[in-house]
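Hi everyone, thanks for coming. Today I'd like to walk you through one structure, so please have a look at it with me.

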Amino acid sequence: MQADLAIIGGGPVGIAIALALAKTPLKIVLLESGGMSFDAKTQALYDGSKVGTPYVTLEASRLRYLGGSSNHWGGWCRPMDAIDFEERTWMPYSGWPITKKDVDRYFVKAHELCEAGTLYYDGAGKVTGDLGPRLALGPGGLTTRWFQFSRMHGSVLPTHFGERYAGDLKKQAKLTVYLQANVTRLGLGRAGSAISELDVATLDGKKFTVKPKAAVLATGAIESARLLLASNDVNTAGIGNNHDLVGRFFADHPCPRDNATLVLFDGKIAPYYLGNQVAHGAILRAGLFPSEDFRRSQAVMASSITVEGKIDLDDVGKAAVAVTAAALGVDASNAVAHSLGCGMEVTPDPDRRLTLDASRDALGMPKLKLHMRLADQDFAKYRLTLKELGRQLLESRAGMLKLNSRTRDEWFGSLDWGNHHMGTTRMSADPRKGVVNADLKVHDVANLYVAGSSVFPTYGAANPTINLLALALRLADHLKGAVK
Ligand SMILES: Cc1cc2nc3c(=O)[nH]c(=O)nc-3n(C[C@H](O)[C@H](O)[C@H](O)COP(=O)(O)OP(=O)(O)OC[C@H]3O[C@@H](n4cnc5c(N)ncnc54)[C@H](O)[C@@H]3O)c2cc1C
């Protein structure tokens with residue numbers, strides 16, 4: 001089969017790129033492993049093993065059918081900050097080859113694809129006044145900022161990209177979607193400098209080859225690394241792996257639950273801190289975030305702190321509240337305590353990585369092994385952010401904070417994960433430091449691009465999907481000129 005462009009993977013990224021290019025003269029094929037719904041045999045192709053720090057099983061943390069993991073995502077959206085793109089002396093391996101400004105203009109469309117209503121984010125404070133005041137925090141490093149949610153229209157569920165956009169994909173004359181089409185090999189031409197063909201197989205034994213002028217790998221951060229590493233027939237290191245970077249720097253957002261207890265002396269908190277609020281054409285929720293200045297001055301990473309449900313204080317907690325309130329001269333007779341949750345950024349780590357394993361899946365592809373690690377230092381830095389929040393609460397005399405975790409065991413006692421896989425094909429202008437360049441093209445391969453959060457060199461604390469969609473739309477613009 002011939003095509004101008006082959007898109008491998010029909011998750012949010014593959015769908016966004018296919019629709020963005022559907023009205024161009026390009027003949028496009030979208031190759032998706034699954035069908036329209038969950039199928040256990042297809043899902044089993046995601047099976048892999050893991051060692052090290054406890055983590056979600058590779059088969060369970062993503063879904064393999066049209067729409068990909070958007071079939072079970074939470075719909076939380078938030079663009080990254082400008083600082084997330086910058087090189088920071090205290091953060092090893094930081095610095096994107098692009099700035100936030102290079103992607104800014106794609107967020108409107110990305111937000112629209114997520115059906116997330118009017119785009120407010122940090123402007124949301126202007127429209128939520130009628131729902132109650134923001135938390136009183138003394139001057140300092142943390143401020144209230146906003147998440148928005150897919151999906152504003154039609155349903156309480158977030159947008160499931162497959163179900164939502166299957167009809168739109170079908171209508172496009174120059175775009176053909178192949179379901180149950182598993183790409184099993186990216187075929188490099190003999191010179192090793194361009195992709196010449198893609199091997200495709202179905203679970204019921206059919207095989208075919210696609211010969212595209214260019215290809216976009218959009219199979220999620222775990223599977224994209226697997227396909228690059230496993231396509232090692234011409235270059236034994238795999239594709240894009242001359243500097244042993246593919247699969248390294250795997251990352252996710254650890255979410256330590258109940259990591260601190262927030263006590264508000266007057267017991268009052270606006271509802272938009274505690275859950276999603278439909279207001280002014282959007283679904284909004286507030287969180288507490290370290291400012292860019294605080295992150296710079298204290299050398300801490302990004303984090304997004306959420307206020308969760310009410311909790312009862314034990315006797316020691318009650319005594320601490322009484323003593324603190326007396327010292328501040330405030331009435332705490334109506335004090336209410338809430339548990340805090342968080343999504344934390346982690347330090348990039350080349351040894352937190354995916355490698356090929358000896359065992360094979362039903363299509364004969366080598367499975368992956370995840371080597372998971374998490375540094376104590378990452379928790380220590382997040383604790384500095386919490387301490388600052390506690391200081392600001394005392395300063396405003398609005399409340400106080402009790403920090404619940406100090407040791408590794410305590411942090412891990414309540415640890416959850418965002419399932420935000422990132423970093424395995426990182427972006428850098430320098431081929432020795434990254435797998436793809438600023439245009440998301442694999443270094444040294446003329447016609448292969450990788451899209452998705454695997455290209456993030458650092459991770460911020462924002463939810464990845466709206467950010468990876470903005471980058472995917474930027475790539476689609478690039479491909480309009482690049483594929484001829
Ligand atoms: C439980 C959960 C909750 C989440 N909540 C949020 C949230 O609230 N906010 C947020 O921003 N993000 C969230 N995410 C992350 C979000 O789902 C991903 O960022 C997003 O789905 C990534 O899109 P993608 O297109 O890059 O990859 P995927 O969604 O992984 O799609 C990849 C596609 O490629 C296909 N594929 C795989 N291998 C092959 C192959 N060999 N050949 C052909 N096709 C293949 C798969 O079937 C799949 O359709 C969550 C994820 C999980 C698991």
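How far apart do the C-alpha centres of domain 1 and domain 2 lie? They are 34 Å apart. Before going further, a word on the source: this is a predicted model, where local features need pLDDT of at least 70, side-chain atom pairs count only at pLDDT 80 or more, and totals for chains, interfaces and linings use all residues. Residues are numbered from 1 along each chain as its sequence is written, and side-chain values use heavy atoms, with hydrogens and water left out.

Now the two domains, whose bounds come from an automatic or database domain assignment. Domain 1 covers 1–115 + 155–253 + 349–372 + 419–484, and domain 2 covers 118–149 + 254–344 + 375–417. Where they touch, each of them gives 30 residues to the contact, meaning heavy atoms within 4.5 Å. About 2400 Å² is buried between them, with 59% of that from carbon and sulfur atoms; buried area here is the accessible area (1.4 Å probe) that two parts lose on being put together, summed over both. On the domain 1 side, W76, R78 and W90 lose the most area to domain 2, together 29% of what that side buries.

Let's stay with R78 for a moment. Its side chain meets that of D122 in a salt bridge, at 3.1 Å from N to O. The term stands for a side-chain nitrogen of Lys or Arg within 4 Å of a carboxyl oxygen of Asp or Glu. Both residues belong to a salt-bridge network that also links D81, D84, R145, R295 and E345. Between domain 1 and domain 2 the count is five salt bridges, and the structure holds 37.

One of these joins E223 and R64, at 3.2 Å. E223 sits in helix 6 (residues 220–230) and R64 in the loop between strand 3 (48–52) and strand 4, 159 residues apart. Helices (H or I, at least four residues) and strands (E, at least two) are DSSP runs, numbered from the N terminus.

Are E223 and R64 buried or exposed? E223 is buried at 5% relative accessible area, and R64 is buried at 10%. The cut-offs are under 20% for buried and over 50% for exposed, with partly exposed in between (1.4 Å probe, protein chains only).

For contrast, take D168 and K171, whose closest N and O atoms are 3.4 Å apart in their salt bridge. D168 is partly exposed at 22%, while K171 counts as exposed at 64%.
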